[in-house]
Amino acid sequence: MTISERPTSHIALPFVEVPVTASTTFGVLKRPVSTTGWKSWVFTVDHKKIGIMYGATAMFFFVVGGIEALLIRLQLAAPNGKVLNADVYNQMFTMHATTMVFLFVMPMAAAFANYFIPLQIGARDVAFPRLNAFGLWALIFGGIFLNLAWFLGGAADGGWFMYAPNSGPVFSPTHGVDFWAFGLQIAGIASLSGAINLIVTVLNMRAPGMSLMRMPIFSWMALVVQFLLLFAVPVITVALFLLMFQRNYGATFFDVSAGADPLLWQHLFWIFGHPEVYILVLPSFGIVSEVLPVFSRKPLFGYPFVVFSGAAIGFVGWGVWAHHMFASGLGPVSVAVFSVTTMLIAVPTGVKIVNWTLTLWGGKLWFTTAMKFSIGLIVLFTIGGLSGVTHSVAPSDTQQTDTYYIVAHFHYVLFGGAVLGLFAGFYYWWPKIFGKMLSERIGTWNFWLMAIGLNLTFGPMHILGLQGQPRRMYIWTEARSGEGFFNLGFWNLISSIGSFVIALGVLLFLVNVVHTARKGVVAPLDPWDARSLEWMTTNPPKEHNFDAIPTVHHLDEFFHRKYKEDENGAMIKVMSAEEILTEQELAADEHIHMPSPSYWPLVLALGLPIIAYGVIFSTPIAVFGGIIVLFGAFGWGLEPATAKESDFDSPTHSGDQSEEVVPVG
Amino acid sequence: MADLAVDKDMSHSAHGSSTHGSSAGISNVKLGMWLFLGSECLLFGGLISTYMLYRGRVSQGPTPSQVFDIPFTSVSSFVLLMSSLTMVLAVSSAAKKDDRGTTLWLTVTALLGATFVGGQVYEFTAFKSEGLGFGTSLFSSSFYALTGFHGVHVTVGIIMLMAMVGIVQRGEFPGSKAETIEMIGLYWHFVDIVWIVIFTLIYLIPV
Amino acid sequence: MLASVLRRFRSWILASGTAVALTGCATNAAQDTWKPKGPNAAKIDNLQKPIFAVAGVIGVIVFAAVIYCVIKFRDRGQPIPRQTHGNPALEITLTIIPALILAVVGVFTVRSVFDLAKTSDTEMIINVTGQQWWWEYDYPVQEQFGITQPIITSGQLVIPAGTKVLLRGTSRDVIHSFWIPALNGKRDVVPGRVQTNRIEADKPGIYAGQCTEFCGLSHANMRMEAIALSKEDFAKWVANQQTGYVAPTDGTLAKEGETVFLNQCVRCHQVNGLTRADGTPAIAAADENVWSGSAPNLTHLMSRNTFAGAMFDLAKPSCRKEVWESDSATFGGKYLAGVTEDCLNQSALRDWLRNAPAMKPMYANPALLAPTDGKYRGMPYLGLSELDIEKLVAYLLTRQ
């Protein structure tokens, strides 16, 4: 991490590392200045480093959640499973879902959003870089805090939906639910701060000429997601506070003997929880909407339709929450209304599938691993979408809800949709992020193992559910699993085998990562003949992203700089990526001051789990945590985002010294 | 809050930029604050809904009409509303770079806010002595949660105001003091408006 | 209208049904949602099968389109295609078509929702109460069915076939969900609320179900069955449930078992009409010992063929099989015979009495009951001697 940075092109003088004098806040902490080593990561405010750390954190929790899933499937491979007892099983499925939703898919989407939104819109960083770092640390501490419960008396055991009153102190006497509530609360702070940050970034910091309708589709979908987060997170915050007050301070919110209505929790949870589904899946929709055009060599079919359908999903997503409660006893009027709104939301979702398919149509398809994952998403998400339509029909849903049919449905949506999209993103953007190509050979195996494994795992769950196997049961019994070769026992076994095939696929991805890091091929500047702005800089990008902020004239700006249509309508390459980069470097801005690293986001975030631990176990600890938060906030407030001019020992200047300071936004 | 409001706006750290084309025409910090307040609406919305659902559910302990002292709360509400006025004066002094005026009005605003919080602490203590604990009934739980959350918001606002007084005195601050004070003002007005809603719903509309 | 649509889709339904069966479904899965055995479930089934068919067709079209693209448009060195940005007319068409399909589905859905919520045609009412981790059924007085005093039973819900039964469900602790797939969809039972659900069985028979709202430790073990009897058989069942207490003959093992029961079991479990040695009625005080406030009524334990939340069979496998697999004509007689000594699943019942918490996960460890003020959730370990168990089993066998 450098505090002062100049363009490092072949024409400018090479950047010289110069010691800097660090300013201090309160005279306590010297401003971090390391440009290498762990300190350059821990105290960074660079959106790219933060994005990578989000990704690494998410990948770690993906493995944790995956191991939990494997244990669940081991337990259910045979009747009356003995691998886990009822108590541990209940913790396992609760934590599997919580981990995958809050600690894998959301942070991984945040990783891509953090890394690529500024690059795609032609900005040098996000609007609030330190807030960005704070979000990362809050997520990491929240995730650790959530999982700490495993070692302190048992994890949460009420399911990720944590229905009251089963989550109350009587029915869940360990501290698991407390850790769960606080862990999510802290992760929620991360999401909220990230949402504000990225919305401001997109709305205020786009490159000249980049109107919203020229913005790359991934940035669009990420923007919709940030709005969903902005309004959904406070609702779960309220629910979690009520739960926490009940468990720790004797409040009565969900105490039926005091007259409470347990459906209050369900409404609060699902008003958050349904937008959450779109929060999980829209980023991946954005990713495949980038990947499909690149490898089809033609623009996204109906870009405005995809944008508006994404926004429509964002809006209608607020009006469907009660379809999770068709069996709760809402009364026929509510059920009918929510049934219809749920069908309504299928329309914009269908639009996306149509557009992706028509993007392929008439293209020149190049089946890279990223492309395979994207096409896999179209097919598998369609299955999940259609099974979703079957239970938008409320009467059918009363047969299907809380059975494995639902488990099948949302895994096709979340694994077939969200996760495959994220993997498409890994393979597509790896060269951009790390400057090396992931092995396509391993990638192909990775894809097929995951695709086959996921169909083996979740396909049979359709049958299991429709034939009456409920969810969340630590054992199933042969007495109810029917007869014949294809009885429910058979499908349970297939499902368990499939889960290990998926695991093998994921393992191959990790192998690919290690292999690429050791002896991967150095990525060419434009390995995929890509279309959007993030490819108009080096691999990996310089710290300040762009030497000169490009002026945008088209959707798919990069492609239109490379290709022109000749008089016959054929696309002719007029410029190479290297030439475009050189052009940019020649026009490089000088004296780009990037925001400086800071301790304060980390300090502030560190206070949060300490408060939480204190609330659960001992108030003085909570007070101590509060003091840390206050200290962090003051340190932050008094520290300039970019270190003062006097902190920059002037590097060996040469040539003319422009006084102009170029904006980093 | 403080962390958001004073985070340096990146596009504004640059002077005389002409390369920047596409923006919403409102500074990063201000846009961020508006978004945050939008999110806060949902937070209070959830708490208010909970209160409205539960306000009539008193299985034991006093009912709302037995504990509420409407004249007292009306006065403290008036005090809080007046603080919005003084906040406006602080913002305008800051815009005029009038440090003395700024300090004065920020201090007055903080004092008015503190009076309100003091009134709330008194009210809670009185309710408690009348047998209305946090866990007494659904009414009490949702009442304390809602008004308590609001009180915490006012307290955070007071801390920000006091910190700003210190900063104005010290004279040295990264970024624009006027803009930061404007942000605190936005937050302060929001908290006041929320109180108007809460006061109306809790105290003025009978169960 | 629905019927006509159904008729149009009948061949599809049959074809897809056959296809699914061929590709591998279990036969006789006890909780199969596609095998309705009553008008409410049939209504759902008639609604969902065409939708599955339509969804399947749409799926096939999408897959075909994707596969076509993948084969036809793969890179064979063709030039980079023209950069067309879409075709609004096509887009709008492809948006409207699914919207229209869904509008049709929506109309039928809304109608079914209201049909299935109807309560005005109710012929019989049964109160269903969920509790961790078993179900209690309580039949209010309904003279027309010969129910002249309330009947309380658990585990197996006995109903007359061909009768519109309205279940009024609630819970004593957490949310559970009552679900007999062959008779209707599920309906949560929520503490503090009473919610209704219609069920009706076409024919006599046994229909399996399962709690489907996660309700804690032994959620997986909270099962139930609905038993439909012909109207005559149901009357016999009602009559039996209302017979007065018949004490075991003095000097038998069962009589000694009655004493053990009075010492140990009656703390929670009620046997109607049972009196103490001094002649006072023995009233169970489950609310003092069990957090949720009740324990299964054992007055006619042997008239049901499961116990412990229908987790275990009270009848041994051969006898169980006979009941489950009998046809609707002979079913009633077999069920009403109850569990006789020959048929009793001795080992399961003894294991249960010996150490219930080892058989079913429950909150029964006295050391860990601080949050519930020392009350159990589930049945505790009683430390009975083998002899006591022997006596109890003998006594329980007389509870026909």
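This is a predicted model: local features need pLDDT of at least 70, side-chain atom pairs count only at pLDDT 80 or more; totals for chains, interfaces and linings use all residues.
Biologist: What share of the contacts in chain B, with a separation of 6 or more, comes from residues 24 or more positions apart?

Modeller: Those pairs account for 80% of such contacts. For one pair to look at, take V88(B) and W188(B): they are 100 residues apart along the chain, and their C-alpha atoms are separated by 9.8 Å.

Biologist: How should I read a helix, then?

Modeller: The general idea is that an α-helix has 3.6 residues a turn, so residues three or four places apart point the same way. In α17(A), 13 of the 18 residues are buried.

Biologist: What distance does helix α4 of chain A reach from its first C-alpha to its last?

Modeller: Helix α4 (residues 129-148) of chain A, with 20 residues, reaches 29 Å, close to the 28 Å expected. This helix is mostly covered, with 17 of its 20 residues buried.

Biologist: And strands? Which way do the residues of β10(C) point?

Modeller: In a regular strand the side chains alternate between the two faces of the sheet. In β10(C), R223(C), E225(C), I227(C) and L229(C) point one way, while M224(C), A226(C) and A228(C) point the other way. Strand β10 (residues 223-229) of chain C has seven of its seven residues buried.

Biologist: Which strands pair with β10(C), and in what sense?

Modeller: Strand β4 (residues 156-160) of chain C pairs with β10(C) in the parallel sense over five bridges, and P160(C) stands opposite L229(C). Strand β9(C) is joined to β10(C) by six bridges and runs antiparallel to it; there, G209(C) has M224(C) as its bridge partner.

Biologist: In what order do the five strands of the open sheet in chain C lie?

Modeller: The order is β3-β2-β1-β5-β8, with mixed pairing. At the edges are β3 (151-154) and β8 (195-199), each pairing on one side only. On average, neighbouring strands of this sheet are turned by 25° against each other, direction ignored. Within it, β5 (residues 165-171) and β8 of chain C pair in the antiparallel sense over five bridges, and V165(C) has I199(C) as its bridge partner.

Biologist: Finally, which chains have the most contacts between them?

Modeller: Of the two pairs of chains that touch, A and C have the most contacts. Their contact takes 81 residues from chain C and 85 residues from chain A. On the chain C side, α2 (39-72), α3 (88-117), β7 (187-189) and β9 (205-210) each supply at least two residues. That side divides into 44 nonpolar, 26 polar and eleven charged residues. No contact joins chain B and chain C, whose closest C-alpha atoms lie 13 Å apart.

Technical notes: Residues are numbered from 1 along each chain as its sequence is written. Chains are lettered from A and ligands numbered from 1 in the order in which they are written. Two residues are in contact if their C-beta atoms, placed from the backbone, lie within 7 Å. Helices (H or I, at least four residues) and strands (E, at least two) are DSSP runs, numbered from the N terminus. Ala, Val, Leu, Ile, Met, Phe, Trp, Tyr, Cys and Pro count as nonpolar, Asp, Glu, Lys and Arg as charged, and the others, Gly among them, as polar. The expected span of a helix is 1.5 Å times one less than its number of residues. A residue is buried if 20 or more other C-beta atoms lie within 10 Å of its own, exposed if 12 or fewer, and partly exposed in between; C-beta atoms are placed from the backbone. Two strands pair if DSSP finds at least two bridges between them. Axes are lines fitted to C-alpha atoms, for helices over the stretch in contact, and angles run from 0 to 180 degrees between N-to-C directions.
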